[in-house]
Amino acid sequence: MAFIQVAVPVPLRQLFTYTHDNALSAGVRVVVPFGPRKLVGVVVETLHKPESDIENSNKLKAIESVLDDSPIIDEVLLKMAQWLWQYYHHAPGEVLHAMLPVLLRKGESAAPTPQDMLMLTEEGKQTTADTLSRAPKQQACFTAMAGGALLASQARKQYGAPAVKALVEKSLASIEEVAPEFKSGSWLATLSVSEKPVPDTEQSVAIAALNRQQGNFAVSLLEGVTGSGKTEVYLQAIEPLLRDGKQVLILVPEIGLTPQTVSRFEKRFGIAVGVLHSQLSDKERLQVWQRAKAGELGIIIGTRSAIFTPLHNPGMLIVDEEHDESFKQQDGLRYHARDLAAMRAKQHNIPLLLGSATPALETLNNALSGRYAHLQLTKRAGGAKSTHQHVLDARDQPIHYGISQGLLTIMRQHINAGNQVLVFVNRRGYAPALLCHHCGETVMCKRCDRPYTVHKAQNRLQCHHCGGMRSMSNCEACHHNELVTAGTGTEQVEQGLASLFPGVKQVRIDSDTVRGKDKLHQTLEAINRQEYQLLVGTQILSKGHHFPHVTLVAVLDCDGALFSADFRAPEKLAQLVTQLAGRAGRASKPGEMWLQTHNPHHPLLQDLVHNGYGHFARHALMERKAAGLPPFISQFVIRAEATDSSLAYRFLQDSKQVFHQQHAIALNGPFPCLIEKRQGRFRFMLVCSHEKRAPLHNALRLALPFLQALPQAMKVRWSIDIDPTDFS
């Protein structure tokens with residue numbers, strides 16, 4: 001009898017021992033009894049010990065069934081999972097389940113799923129395409145099938161469902177279920193590099209440095225100003241890897257960046273690119289996972305969770321826009337994909353490339369200290385000029401829909417010249433608050449103690465913290481019906497610009513308007529076709545998009561972030577402003593950016609406008625070092641929330657006492673989170689820090705059993721966030 005250590009998907013920081021007739025390989029899935037339930041677990045280890053060595057061995061339950069013939073999680077990913085649950089102090093079962101596609105978590109087969117293939121019948125093989133000359137789509141589909149069977153779903157998408165149906169009804173084609181055969185390196189047969197631009201001196205240096213790293217672990221920061229051609233460096237650096245049959249995994253921060261990145265890589269190399277993001281169906285995600293694991297895909301591009309994709313023959317990992325906050329998971333397993341990429345690259349012994357115009361201070365510090373290679377691109381590609389940045393003093397100026405008179409004049413000049421103008425507003429909806437004109441009462445979400453955001457188009461109020469909605473009605477305090485909005489959102493700016501610039505076509509891009517598959521991609525394509533002159537949007541517009549016809553970026557109300565309690569707020573604002581500036585003047589037309597503010601002399605804005613992000617970031621690192629803040633110390637946060645605020649506070653107070661008994665680490669708090677109440681729960685945090693990482697993690701490891709045994713531990717929701725990036 002073998003004793004099997006299984007990671008079961010429950011929130012307990014331990015493995016569970018089961019019995020089985022035979023030893024099992026680490027990485028295979030098994031079905032195990034867990035209380036009254038049957039759960040899909042992952043084997044971590046087989047213990048070859050006599051029963052007497054295992055306490056209460058006669059009480060151990062047996063594994064019910066083994067789902068896989070061979071491991072679906074390879075040795076490298078299994079080592080990464082072990083590092084994950086140790087570093088983030090998380091439940092092993094939840095870590096391993098997070099690494100698997102949803103269908104595999106549910107116990108579905110890991111073997112390639114049979115697919116509906118459209119292929120020629122015997123009659124079709126004896127027919128010529130000329131007979132279909134009156135039906136061009138049928139003819140095109142028929143001709144494509146002559147070169148081999150087509151995936152039925154893709155054929156319907158490319159040639160239209162009616163054309164496919166007609167070919168089947170004419171008995172020229174049939175749809176048959178076929179189990180796909182995935183072959184490692186199969187892209188080599190179709191790999192053909194299209195014409196590429198000649199890199200400039202800085203790009204050539206970066207490409208040469210990356211080529212020298214092939215086959216060895218190294219981390220490089222590619223710090224390039226916006227529009228400097230970082231993607232071109234990626235393309236030319238991975239070309240020799242693809243020719244050698246190596247795979248490349250590229251992480252991007254947003255779904256919106258995926259289509260343009262995918263099309264650029266497909267166009268350059270002429271091969272299929274695997275795509276992984278949250279808008280895919282479970283079946284589609286599983287298929288990409290299977291193809292990547294088998295080595296059939298040369299390039300895989302995805303968002304944060306794509307870091308868990310298995311690779312048959314890895315050659316390089318790339319994290320684009322590495323500074324972006326979306327790479328940090330903010331609930332459940334709170335991992336950072338950038339840090340995980342470094343760990344995975346080390347395990348595979350391959351290079352990792354981190355690219356950004358505004359690198360995170362942690363990454364920049366590693367580069368400046370020599371821990372990472374530091375590659376720099378200081379000039380825009382193709383001779384494009386850098387965007388000129390200006391501060392616009394909004395004091396004592398008339399304000400129309402959140403836009404000052406002076407800014408309107410500048411916008412009018414660019415619009416009259418036939419160029420595009422991007423207006424950035426960091427709030428969606430019509431207005432961030434609604435108040436009574438009679439008594440002054442603000443309409444609040446009682447679950448979050450925050451004002452409702454007004455969505456005028458839908459005639460409703462919505463809380464952006466808990467998602468709660470209600471209709472706009474009379475004031476609850478005095479019952480008057482005269483309600484007025486306060487503040488400005490994208491919807492109000494869009495409405496205002498329609499009256500200020502009649503006849504000028506505009507588009508609003510925020511999470512309310514780009515819902516639905518491919519909606520954002522279609523809108524971005526329409527912008528580049530110059531169908532719109534005015535672009536109004538939130539941070540979705542700031543992330544890496546190429547707008548060759550935008551010559552002006554106007555930022556409304558950047559004052560909020562200047563006075564935040566979060567020590568990372570200046571860094572986040574500087575990154576946002578710099579990324580936004582990079583959307584203008586990317587082609588032959590020069591661009592400019594105007595920051596509308598009531599604090600024009602604020603040192604952060606002045607430093608950014610006159611010296612750029614590079615100077616700001618290096619100065620910010622000096623400030624962080626003097627203040628004893630990350631990246632010069634390590635931190636973790638214990639958060640607690642409860643409907644009774646005293647319970648959450650008392651739990652953290654008791655937790656603080658536990659740490660006092662364990663180690664001399666710095667403890668700050670407990671104090672309220674920046675958003676104190678959300679979804680009816682009061683939220684508090686305890687910030688723990690130390691100059692070195694090891695003592696901090698040892699203290700937490702020793703303290704965890706005591707924290708779990710505290711009287712309030714079962715009465716509150718609590719979690720641990722290692723290396724926190726968000727204190728809201």
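Two strands count as paired if DSSP finds at least two bridges between them. The legends below describe close-up views of a predicted model.

View 1. Strand 24 (residues 460-462) runs antiparallel to strand 25 and is joined to strand 25 by three bridges. Across this pairing, Gln-462 stands opposite Met-469 of strand 25.

View 2. The side chains of Glu-232 and Gln-236 make a polar contact at 2.8 Å. Leaving aside residues up to four places away in sequence, Glu-232 touches Lys-196, Pro-197, Gln-203, Arg-264 and Arg-268.

**View 3. The hairpin of strands 32 and 33.** Strand 32 (residues 666-678) pairs with strand 33 (residues 681-690) in the antiparallel sense, over seven bridges. Within the pairing, Pro-672 stands opposite Phe-684 of strand 33. Two residues lie between the strands of the hairpin, and in this turn Gln-679 has a positive phi of about 50 degrees.

**View 4. The aromatic cluster of Trp-83, Tyr-87 and Tyr-88.** The count of aromatic pairs in the model comes to ten. In the pair formed by Tyr-87 and Tyr-88, the ring centres are 5.0 Å apart and the planes stand at 85 degrees, so the pair is edge-to-face; the cut-off for this class is over 60 degrees. Both Tyr-87 and Tyr-88 are buried. Together with Trp-83, these two tyrosines form one aromatic cluster.

**View 5. The aromatic pair of Phe-636 and Phe-659.** The ring centres of Phe-636 and Phe-659 lie 5.8 Å apart, and their planes are at 50 degrees, so this pair is tilted. The pair links distant parts of the chain, with 23 residues separating Phe-636 in strand 31 (residues 634-642) from Phe-659 in helix 19 (residues 645-662). Phe-636 counts as buried because its relative accessibility is 2%. Phe-659 is buried too, with a relative accessible area of 0%.

Note on methods:
Residues are numbered from 1 along each chain as its sequence is written. This is a predicted model: local features need pLDDT of at least 70, side-chain atom pairs count only at pLDDT 80 or more; totals for chains, interfaces and linings use all residues. Side-chain values use heavy atoms; hydrogens and water are left out. Helices (H or I, at least four residues) and strands (E, at least two) are DSSP runs, numbered from the N terminus. A polar contact is a pair of N or O atoms within 3.5 Å; within protein, one must be able to donate a hydrogen and the other to accept it, and residues adjacent in sequence count only if both atoms are side-chain atoms. Contact means heavy atoms within 4.5 Å. Rings of Phe, Tyr and Trp (its six-membered ring) pair if their centres lie within 6.5 Å; planes under 30 degrees apart count as stacked, over 60 as edge-to-face and the rest as tilted. Buried means under 20% relative accessible area, exposed over 50%, partly exposed in between (1.4 Å probe, protein chains only).
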